[in-house]
Amino acid sequence: MLTDWRLAATAILFCCAVLFTCIETSAQQIPKEIAARTEIYAIPSLTISDQQFLTGDSNGKHVTVGGELRIAQGSGRLPVVVLMHGSSGVGSGMDAWVRQFNSMGISTFVIDGFSGRGLTATGPNQALLGRLNLILDIYRSLEILAKHPRVDPDRIALMGFSRGGQAALYASLDRFNKLWNKSGAQFAAYIPFYPDCSTSYLTDTEVAARPIRIFHGTPDDYNPVASCKAYVARLKEAKRDVALTEYPDSAHGFDSGLLGNNTVVEATTSQTVRHCTIRESEGGVLMNAATREPFSYKDACVERGPHVGGNPTTAIEARQAVSDFLTTLFGLG
């Protein structure tokens, strides 16, 4: 009996040892693109008009938007890329970027600026939400990240797509940072994808002393690259660190090619300001340059039916360009 008991105990210990070895080996074999930990955050923010944003008026509706932090595998304080969605909200295309950055040892923070406001999309009616609200959400997210024990506050980059790309671009403005960024931190870089550059803001060449890297498609008829070229030219004239990478045969949303999407379709119900020129005037009023009246999404220059779709080839090129840029920026091995 005693011998049998010892044999049984030995067998149990052996099995436990094998089990723990398997668990440890399995943990070591988790692909790098899988985050080590995921945290969900409620982000206190506001819903205000663009004019309120431009004048620093915080008398708006208090809202709570969401953020998902995926902490990459690794130890200590890690770099982070904050990602801001476009007019369709957080979609499947965001995950391709999250996995790419996590695989590089970069954590990610995906902001959902819509759900907490009762929105799912603004494409068919862009007047549902002032575009500058997303910049406020971005700054509020930076407040959270700058205090996080696993985040290096000096290595937080901002990336956005379409409407979110516009927010990522103009979040660089010194004036906006002074008005709304209370985090005590600055983004290390700004990476807008196919943003709308049709709006000119007062003092918009006075931007943070950080690199701005814009990625756009030549045939984009949702947010045409021409207006971004004009803005980049003004920034370069002001000696700012800015670059625009332009890809041929790449429609709006071309990076959906990372998911294998290679089809371009007409977004028949989506609004575009591709033929509008909008300028900020005194008092934070956005004016239609053609009519010299306050801009409205009912203006004749607002159209529908832009094209959207992916290009796997240029999407991969852009992913590599962004990865190379962040590797250097963050000092990754």
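Here is a tour of the model, from the whole chain to its details.

## The chain at a glance

A quick word on ground rules: this is a predicted model, so local features need pLDDT of at least 70 and side-chain atom pairs count only at pLDDT 80 or more, while totals for chains, interfaces and linings use all residues. Residues are numbered from 1 along each chain as its sequence is written, and side-chain values use heavy atoms, with hydrogens and water left out.

The chain has 333 residues, and 49% of them count as buried (under 20% relative accessible area with a 1.4 Å probe, protein chains only; over 50% is exposed and in between is partly exposed). The C-alpha trace spans about 100 × 40 × 40 Å along its principal axes. Among contacts (heavy atoms within 4.5 Å) between residues at least 6 apart in sequence, 80% join residues at least 24 apart.

## Two nonpolar cores

A nonpolar core here is a set of buried Ala, Val, Leu, Ile, Met, Phe, Trp, Tyr and Cys residues joined through side-chain atoms within 4.5 Å. The largest has 61 residues, and Phe-53, Ile-135, Tyr-170 and Phe-176 have the most contacts inside it. Helix H4 (residues 133-146) gives the largest share, eight residues. Apart from that core lies another, of 28 residues, with Val-81, Ala-96, Met-159 and Phe-254 among them.

What does Phe-53 touch, not counting residues up to four places away in sequence? Its partners are Ile-48, Leu-132, Ile-135, Leu-136, Phe-176, Leu-179 and Trp-180.

## Aromatic rings

The whole structure holds 18 aromatic pairs. Rings of Phe, Tyr and Trp (its six-membered ring) pair if their centres lie within 6.5 Å; planes under 30 degrees apart are stacked, over 60 edge-to-face and the rest tilted. Phe-53 and Phe-176 are edge-to-face, because their centres are 5.0 Å apart and their planes are at 85 degrees. Phe-53 sits in helix H2 (residues 50-55) and Phe-176 in helix H6 (residues 174-180), so this pair ties together parts 123 residues apart in sequence. Both Phe-53 and Phe-176 are buried.

Tyr-247 and Phe-254 make a tilted pair, at 5.4 Å centre to centre and 50 degrees between the planes. These two are buried as well, and they belong to a cluster of linked ring pairs that also takes in Trp-97, Phe-101, Phe-161, Phe-193, Tyr-194 and Phe-215.

Strands pair if DSSP finds at least two bridges between them. Four strands form an open sheet with mixed pairing, in the order E7-E12-E13-E14. Strand E7 (199-200) and strand E14 (293-294) are the edges, each pairing on one side only. Strand E13 (residues 286-288) runs antiparallel to E14, joined by two bridges, and Met-287 stands opposite Pro-294 in E14.

## The largest pocket

A pocket is an open set of points on a 1 Å grid over the protein atoms alone, where a 1.4 Å probe fits, with protein on both sides within 12 Å along at least five of seven lines; lining residues have an atom within 4 Å of a point. The largest pocket holds about 640 Å³ of space, its volume being the space filled by probe spheres set on the points.

Its lining counts 28 residues, with Gly-86, Ser-88, Gly-89, Tyr-194 and Gly-253 nearest the centre. Helix H3 (93-103) and strand E16 (307-309) are the elements giving two or more residues to that lining.
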